[in-house]
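Please open the model in a viewer and keep the selection tool at hand. The stops below are given in the order in which they may be selected.

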Amino acid sequence: MNYRHAFHAGNFADLHKHAIVLAKLSALQKDSDALSVIDTHAGAGGYDLSGEMARRSGEAQAGIFRLKAATDAPAVFAPLLKAVADMNGGKPGDLYPGSPLLMARALRKTDRYAGCELRPDDVQILRQTLAPYANAQALEADGYATAGERAGKGGRTFVVIDPPFERPDDYRQIAATTRAVLTRAPDAAMAIWLPIKDLETFDSFLRSMETVTKKLLIAELRLRPLIDPMKMNGCAMVMINAPSPVEAAAIEAGDWIASRLGEKGGRSRVWNV
Ligand SMILES: C[S@@+](CC[C@H](N)C(=O)[O-])C[C@H]1O[C@@H](n2cnc3c(N)ncnc32)[C@H](O)[C@@H]1O
């Protein structure tokens, strides 16, 4: 496995994903007394954007640094910006939280979080990142299998799936995992991140998901028209059992990113299947 999220941490897609995941977590907490969060692809948990990998890609400069400098950031980004500020001790800084830290910080006493990661070096950092949070656990484990095994145990299930898409079978594995999770826990909430390069791959994934469930909320964000399929032209969050406030949050996040960080022809669309 070569993928390192440190190259991409804090980019436009992380802002979209993290703002929506936090909005969904908060909405689920209003609906359920206890949550069991399974983050199938956790990464290292936190990133130093002054490091070699982030500097080389420049993606955070076009993402979180622009959000931090914005004077018109909408409310949906407030929890993410607060987490970034806290991680940097309230000073301007280069640290950026990953999904594990963002969710661990937001847990109540009754909630649990398990973050799965396969890279031993990232698992080690993840363990350190999560150490202050008693209800959060780092697992060196396959996230797809863990989600299927743990769904339905110990509170309402919330599964976040955020693969690197290095392997062609990630799309198939997501659909199979969704089926396994919903079989064990029909009320499970799920949030699945996808890159958008070309429309055909995205559409074919959505068609495969429609054979698993008819209740999808899709937040699609295009940074630019899909002319070059070799580029990540956008991203999407595909959600199952999203409480109603999540739709408004996804619209707010997507509209701001498309208009402020996108190119001509960029746009955001949120719809239900
Ligand atoms: C996109 S990154 C995760 C970023 C993280 N969700 C965040 O938002 O901060 C994907 C991670 O999944 C890990 N990974 C790849 N396949 C995996 C699998 N089957 N189970 C668990 N982790 C996996 C990779 O090593 C990589 O660190």
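Select Phe165, which is found in the loop between β6 (156-161) and α8; helices (H or I, at least four residues) and strands (E, at least two) are DSSP runs, numbered from the N terminus. The model is a predicted one, in which local features need pLDDT of at least 70 and side-chain atom pairs count only at pLDDT 80 or more, while totals for chains, interfaces and linings use all residues. Residues are numbered from 1 along each chain as its sequence is written.

The phi of Phe165 is near 55 degrees, a positive value in a residue other than glycine. Most residues other than glycine have a negative phi. Phe165 is partly exposed, because 16 other C-beta atoms lie within 10 Å. On this scale a residue is buried if 20 or more other C-beta atoms lie within 10 Å of its own, exposed if 12 or fewer, and partly exposed in between, with C-beta atoms placed from the backbone.

Next, select Asn241, in the loop between β9 (234-240) and α10 (245-261). Asn241 is not a glycine, yet has a positive phi of about 50 degrees. Is Asn241 buried or exposed? Asn241 counts as buried, because it has 23 C-beta neighbours inside 10 Å.

For a further loop residue, select Thr71, between α3 (64-69) and α4 (78-87). Thr71 is exposed, with 4 other C-beta atoms within 10 Å.

Now display helix α8 (residues 170-184) together with α7: their axes come within 8 Å and cross at roughly 15 degrees. Axes are lines fitted to C-alpha atoms, for helices over the stretch in contact, and angles run from 0 to 180 degrees between N-to-C directions. α7 and α8 are therefore roughly parallel to each other; angles under 35 degrees count as roughly parallel, over 145 as roughly antiparallel, 65 to 115 as roughly perpendicular and the rest as oblique. Tyr144, Ala147 and Gly148 in α7 meet Gln173, Thr177, Ala180 and Val181 in α8, where contact requires C-beta atoms, placed from the backbone, to lie within 7 Å. The residues of this contact of α7 with α8 comprise four nonpolar, three polar and no charged. Ala, Val, Leu, Ile, Met, Phe, Trp, Tyr, Cys and Pro count as nonpolar, Asp, Glu, Lys and Arg as charged, and the others, Gly among them, as polar.

Tyr171, Ala175 and Thr178 of α8 make the contact with Phe205, Ser208 and Met209 of α9.

Move to helix α1 (residues 12-31) and α10, which pack at an angle of about 165 degrees with their axes 9 Å apart. These two helices, α1 and α10, are therefore roughly antiparallel to each other. Residues of the contact include Phe12 and Leu15 of α1 and Ile257 and Leu261 of α10. By class, the contact of α1 with α10 divides into 13 nonpolar, two polar and one charged.

Finally, select the ligand. Which residues are the closest to the ligand? They are His41, Gly43, Gly98, Ser99 and Gly143, and 21 residues surround the ligand, a residue being near if its C-beta atom, placed from the backbone, lies within 6 Å. β4 (112-117) and α7 (143-150) each supply at least two residues of this shell. The shell around the ligand holds eight nonpolar, seven polar and six charged residues.

Methods. Contact = placed C-beta atoms within 7 Å.
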